[in-house]
Amino acid sequence: AQSVTQPDIHITVSEGASLELRCNYSYGATPYLFWYVQSPGQGLQLLLKYFSGDTLVQGIKGFEAEFKRSQSSFNLRKPSVHWSDAAEYFCAVGLNFGNEKLTFGTGTRLTIIP
Amino acid sequence: DAGVIQSPRHEVTEMGQEVTLRCKPISGHDYLFWYRQTMMRGLELLIYFNNNVPIDDSGMPEDRFSAKMPNASFSTLKIQPSEPRDSAVYFCASSYGRADGYTFGSGTRLTVV
């Protein structure tokens with residue numbers, strides 16, 4: 001079964017600084033990979049997704065992620081964070097055949113300091 | 001489209017009572033998912049439907065939980081009887097398929113006292 005690990009529970013960055021959130025997955029083939037963001041009291045919103053092609057994918061709100069097969073990673077990046085980026089971020093993995101379900105990581109809480 | 005609509009947003013009930021959570025998916029989406037989110041266990045898939053048919057209910061914790069999708073525009077998740085350990089945020093999500101990702105509703109925060 002597929003699994004996903006987000007090793008950082010909580011990250012604090014200064015406004016305007018760069019950001020990288022880590023995600024590692026376990027799956028025998030190239031899975032479908034997603035990043036979601038959850039603001040307090042809200043549902044999850046899709047930031048970006050990858051399932052084939054260019055390994056650097058662009059998403060909404062200025063985020064991007066890079067798929068690295070050799071490292072089984074799909075890290076999320078943003079060159080300059082804004083206070084409004086403070087939220088919980090979830091990486092998710094899905095199979096490329098069969099069961100449609102997504103398995104979510106435990107999330108990384110992002111705090112922005114002025 | 002108004003997105004995935006869940007009701008109620010908040011539910012407080014007493015232990016032993018029946019609770020029904022409701023979801024209206026995005027029109028045209030073939031898949032509907034019910035997830036539960038807690039601090040201890042994170043996001044857990046409870047069940048998902050394809051074209052109104054339950055496909056995978058392996059995440060349903062026990063017989064007290066049941067889910068139905070009588071038509072393409074409506075689904076319910078029922079807990080009977082409810083217990084304090086069922087307290088969580090329950091999300092409904094819908095999708096066209098695996099490559100599409102999910103669109104989540106705003107969730108129902110359930111508190112069982």
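Predicted model: local features only at pLDDT ≥ 70, side-chain atom pairs only at ≥ 80, totals over all residues.
Let me begin with the fold of chain A, which contains 12 strands and zero helices, so that, read from the N terminus on, its elements run β-β-β-β-β-β-β-β-β-β-β-β. The radius of gyration of chain A is 14 Å, close to the 13 Å that the globule rule gives for 114 residues, and so chain A is as compact as a globular protein of that length. Along the principal axes, the C-alpha trace of chain A spans about 45 × 30 × 20 Å, and 46% of the 114 residues of this chain count as buried. If we take the contacts in chain A between residues at least 6 apart in sequence, 54% of them join residues at least 24 apart.

Is A:L76 buried or exposed? Its relative accessibility is 0%, and because the cut-off for buried is under 20%, A:L76 counts as buried. Leaving aside residues up to four places away in sequence, A:L76 touches a set of residues that includes A:L19, A:L21, A:W35, A:L47, A:F63 and A:Y89, and A:E20 and A:E64 are also among the residues it touches. A:G53, by comparison, is 23 residues from A:L76 in sequence, and the two are 17 Å apart in space, C-alpha to C-alpha.

Let me turn to the interface. The size of an interface is often given as the accessible area lost when the parts come together. Between chain B and chain A the buried area is about 1700 Å², and carbon and sulfur atoms give 51% of it. On the chain B side, B:L43, B:R98 and B:Y102 lose the most area to chain A, together accounting for 38% of what that side buries. In terms of contacts, 19 residues of chain B meet 21 residues of chain A.

What kinds of polar pairing cross this interface? The rule finds eight residue pairs in polar contact, with both residues at pLDDT 80 or more, whereas the count of salt bridges between the two chains is zero. Strand 4 (31–38) and strand 5 (42–50) of chain B each supply at least two residues of the side that touches chain A, and strand 4 gives the most, with four residues. By residue type, that side of chain B divides into 10 nonpolar, five polar and four charged residues.

Conventions: Residues numbered from 1 in each chain as written. Chains lettered and ligands numbered in written order. Heavy atoms only, no water. Contact = heavy atoms within 4.5 Å. Buried area = accessible area lost by both parts, 1.4 Å probe. Salt bridge = Lys/Arg side-chain N within 4 Å of Asp/Glu carboxyl O. Polar contact = N/O pair within 3.5 Å; in protein donor to acceptor, adjacent residues only side chain to side chain. Nonpolar A, V, L, I, M, F, W, Y, C, P; charged D, E, K, R; others polar. Rg over C-alpha atoms; globule rule 2.2 N^0.38 Å. Buried < 20%, exposed > 50% of the residue type's maximum accessible area, 1.4 Å probe, protein only.
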